[in-house]
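Hello,

Here is the structure you asked to look at. My notes follow below it.

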Number of protein chains: 2
Amino acid sequence: MSKHLLIVSTSTVYGKGYLGYMEEEIKNFFGENKNIVFIPYARPGGISHDEYTEIARKKFEELGLSVKGIHEFENPKKAIAEADGFFTGGGNTYVLLKQLYENGLIEPLRNAVENGKPYMGTSAGSNITGLSICTTNDMPIVYPPSFKALQLVPFNINPHYLDPNPDSKHMGETRETRIKEFHFFNDQPVVGIREGSWLEVMGEDVTLCGELSARIFEQGKEPYEVPTGSKIKF
Amino acid sequence: MSKHLLIVSTSTVYGKGYLGYMEEEIKNFFGENKNIVFIPYARPGGISHDEYTEIARKKFEELGLSVKGIHEFENPKKAIAEADGFFTGGGNTYVLLKQLYENGLIEPLRNAVENGKPYMGTSAGSNITGLSICTTNDMPIVYPPSFKALQLVPFNINPHYLDPNPDSKHMGETRETRIKEFHFFNDQPVVGIREGSWLEVMGEDVTLCGELSARIFEQGKEPYEVPTGSKIKF
């Protein structure tokens, strides 16, 4: 089976509940793969693995899916072997990646997804599907042993992509400036996914879905927009 | 001689030129220390060390100070030994810290400043004066060998501190949320310095200067404001 991913910008869009804007897509995505292992390692707001798993479980049960937190297994590698599919929630990308490395899960998770187990990620959980986490927006609150990520797609992700605010008087860098700086030191493309949009990956095919266009950054080119429904290819 | 630092939130406030809002303070700060070594390693927008040094040189010459880029010395350790004082400009904190580690400059620079050579930093150049760079706002576009910083003050810095925008519909974390997450994994205080403000360090004394209050984050406490002119002490 070829790989199948949903790489989602954000779990929550303004004014709607947790994953409320894409319930049908999640149901269709997992299909008959009902036993989902949730990876709560990104711990948004510092909440515990148990608390975070409850949030995901509640929503997924509404959609007819069963959820078990990876931390509930004695051996997290066994969780990966037993899962029908995966959902990695958002939070802090560094905390997430460090825990995956510490538990020796990078290769097992990557292999499971390459071999066809569906993987859905939101925000930090999307970031780690790229080549590296070098285009995360998060604060580096812990030091992971590497910035290399799952490398399930041949580019980097920038979730929660945010356009410059022309009225801002703040002098911090815009998102676009940051990604341009990234390209002084790295050559992979970056896909900026706006809130409410996501990528669906089927084998080597990558399609932009959801309401909004995405912004693409390639080294040595001006950034450009691709409309929703487009295939993304480099 | 005791240490003397200016830890500045931003080089540029909205509507004013480079360092234009604090010219008198810079002159007074360096005083008779006229031969300043500029550290351009943070490379804002990816500009070269030469280009960046020219920007700093132009402004510092207007103030009667002489500037040489650390990269202009054959041996950057010699630059640190020969300098009367230091100015580290903003840009990307990871790029800056990585270059300092690669050139073996963390200890020499720290020692020179501990022994009394004045140090001014803006933005990324301020970030590295804290215990770690774990409260930078920057994108991790390169992987430094550690997040440990110069440790010239017993806390972390968050430059360009930004209050939450109550009108925002963006679901990315606010700065305050990010720093709260930091405190799930780290126990040092964080000083959020707003644009237009800075800390002046004299020995163990830390004073908030400039127009605005600062926001202080301590583990296990609600964040609080300190007015400009206050001593900051933990």
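A rotation of 180 degrees, with 0.0 Å of shift along its axis, superposes chain A on chain B, and the RMSD is 0.0 Å. That is the relation of a two-fold axis.

Some ground rules. This is a predicted model: local features need pLDDT of at least 70, side-chain atom pairs count only at pLDDT 80 or more, and totals for chains, interfaces and linings use all residues. Residues are numbered from 1 along each chain as its sequence is written, chains are lettered from A and ligands numbered from 1 in the order in which they are written, and side-chain values use heavy atoms, with hydrogens and water left out.

Next, the strands (DSSP runs of E, at least two residues, numbered from the N terminus). Look at strand E5 of chain A, residues 119–122. Both of its faces are covered. A:Tyr119 and A:Gly121 on one side are buried, as are A:Met120 and A:Thr122 on the other. Buried means under 20% relative accessible area, with a 1.4 Å probe and protein chains only. Two strands pair if DSSP finds at least two bridges between them. Strand E1 (residues 4–8) of chain A pairs with E5(A) in the parallel sense, over four bridges. There, A:Ile7 has A:Gly121 as its bridge partner. Strand E4 (residues 85–88) of chain A also runs parallel to E5(A), joined by three bridges. A:Phe86 stands opposite A:Tyr119.

Now the core. A nonpolar core is a set of buried Ala, Val, Leu, Ile, Met, Phe, Trp, Tyr and Cys residues joined through side-chain atoms within 4.5 Å. The largest one has 104 residues, and A:Leu199 and B:Leu199 touch the most other members. Beyond four places in sequence, B:Leu199 is in contact (heavy atoms within 4.5 Å) with residues including B:Leu5, B:Phe155 and B:Ile232.

Last, the cysteines. How many disulfides are there over all chains? Zero, taking a disulfide as a pair of cysteine sulfur atoms within 2.5 Å. The sulfur of B:Cys134 is 15 Å from the closest cysteine sulfur, in A:Cys134, which is too far for a bond. B:Cys134 is buried, at 6% relative accessibility. A:Cys209 lies in strand E9 (residues 205–210) of chain A. A:Cys209 is buried too, at 17%.

Best wishes

Note on methods: Buried means under 20% relative accessible area, exposed over 50%, partly exposed in between (1.4 Å probe, protein chains only). Copies are superposed by least squares on the C-alpha atoms of residues with pLDDT of at least 70 in both.
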